[in-house]
Amino acid sequence: MLNYFYLFIINVLVDNFILVQFLGICPLMGVSQKLNTAVGMSVTTTIVITVTSILSWIINYFILIPYQLCFLRVMVYILIIAVSVQCIEIFLKKTYPILYKSLGIFLPLITTNCSVLAIPLLSVKFNYNFLESVIYGFSSAIGFSIVIIIFSSIRERIKLSNIPIVFKGVPIALITVSLMSISFMGFDGLVKL
């Protein structure tokens, strides 16, 4: 049980997908203008990654491996991701139209988020069992959510600050992400497996 806790902490803090592995930078930069949009995107991405981790593991170990179809793994995972995103998009459109409109084009772009595809592929690479795969996906998504929410909060503060014109926009955002990455690297060595 302790190993599952360590796996969770490692993926949230130590081996964060955005700040340490540099996956998922596009949604970080695109959706982090407003805090409420970042929260909506992080919740949606967490649901997609968790569902994708579960379905990918099941399909991989009960269909792809027994029938020797592992060469179709990437295509099947992309299909699972696309279906999950489409279902969530339909759900949000019906139940939370304001959030659906605020996410706009970024909602379907979850399908192309490299971290959403990387998580099930890395689960297979690390040979995780079902529970480890689910924890890996969920904790990676939580780490993604923490970073995008913190970053959007900082960006809202930066908009109100008096910064030199040379640094306005993307340059100050990249500097901020770099500093966040350095601060998260301080968690390295926190947990040893």
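This is a predicted model: local features need pLDDT of at least 70, side-chain atom pairs count only at pLDDT 80 or more; totals for chains, interfaces and linings use all residues.
Biologist: At what angle do the axes of α3 and α7 cross?

Modeller: At roughly 165°, and the axes of α3 and helix α7 (residues 130-160) come within 9 Å. Anything over 145 degrees counts as roughly antiparallel, and α3 and α7 are therefore roughly antiparallel to each other.

Biologist: OK, and how do the axes of α3 and α4 cross?

Modeller: The axes of helix α3 (residues 35-64) and helix α4 (residues 73-95) also come within 9 Å, with a crossing at roughly 140°. That makes α3 oblique to α4. The crossing of α3 past α4 is right-handed.

Biologist: Which residues in α3 and α4 meet?

Modeller: From α3 the list includes Thr44, Ile47, Val48, Val51, Leu55 and Ile59. On the α4 side, Arg73, Val76, Tyr77, Ile80, Ile81 and Ile88 are among them. By class, the contact of α3 with α4 has 13 nonpolar, five polar and one charged residues.

Biologist: Let me zoom out. How many helices and strands does the protein chain have?

Modeller: Eight helices and zero strands. Along the sequence the pattern reads α-α-α-α-α-α-α-α. The protein chain has a radius of gyration of 18 Å, close to the 16 Å that the globule rule gives for 193 residues, so it is as compact as a globular protein of that length.

Biologist: What does the C-alpha trace span along its principal axes?

Modeller: About 60 × 45 × 30 Å for the protein chain. Of its 193 residues, 42% count as buried.

Biologist: And what share of the contacts with a separation of 6 or more comes from residues 24 or more positions apart?

Modeller: Residues 24 or more positions apart account for 79% of those contacts in the protein chain.

Biologist: Back to α3 for a moment. Is Ser53 buried or exposed?

Modeller: Ser53, which is found in helix α3, counts as buried because its relative accessibility is 2%, and the cut-off for buried is under 20%.

Biologist: What is Ser53 in contact with, leaving aside its neighbours within four places in sequence?

Modeller: Ile119, Ser133 and Gly137. There is also a C-alpha separation of 11 Å between Ser53 and Tyr128, which are 75 residues apart along the chain.

Biologist: Is Phe184 buried or exposed, then?

Modeller: Phe184 counts as buried, at 7% relative accessibility. The C-alpha atoms of Phe184 and Val20 are separated by 7.7 Å, although these two residues are 164 apart along the chain.

Biologist: Last topic, backbone angles. What is phi of Phe22?

Modeller: Near 60°, which is a positive value in a residue other than glycine. Most residues other than glycine have a negative phi. Phe22 lies in the loop between α1 and α2 (25-31).

Biologist: And what about the phi of Gln68?

Modeller: Gln68 has a positive phi of about 55°, and it is not a glycine either. Gln68 sits in the loop between α3 and α4.

Biologist: Is Gln68 buried or exposed?

Modeller: Exposed, with a relative accessible area of 66%.

How values were computed
Residues are numbered from 1 along each chain as its sequence is written. Side-chain values use heavy atoms; hydrogens and water are left out. Axes are lines fitted to C-alpha atoms, for helices over the stretch in contact, and angles run from 0 to 180 degrees between N-to-C directions. Helices (H or I, at least four residues) and strands (E, at least two) are DSSP runs, numbered from the N terminus. Angles under 35 degrees count as roughly parallel, over 145 as roughly antiparallel, 65 to 115 as roughly perpendicular and the rest as oblique. A crossing is left-handed if the near helix is turned anticlockwise from the far one by less than a right angle, and right-handed if clockwise. Contact means heavy atoms within 4.5 Å. Ala, Val, Leu, Ile, Met, Phe, Trp, Tyr, Cys and Pro count as nonpolar, Asp, Glu, Lys and Arg as charged, and the others, Gly among them, as polar. The radius of gyration is taken over C-alpha atoms; the globule rule is 2.2 Å times the number of residues to the power 0.38. Buried means under 20% relative accessible area, exposed over 50%, partly exposed in between (1.4 Å probe, protein chains only).
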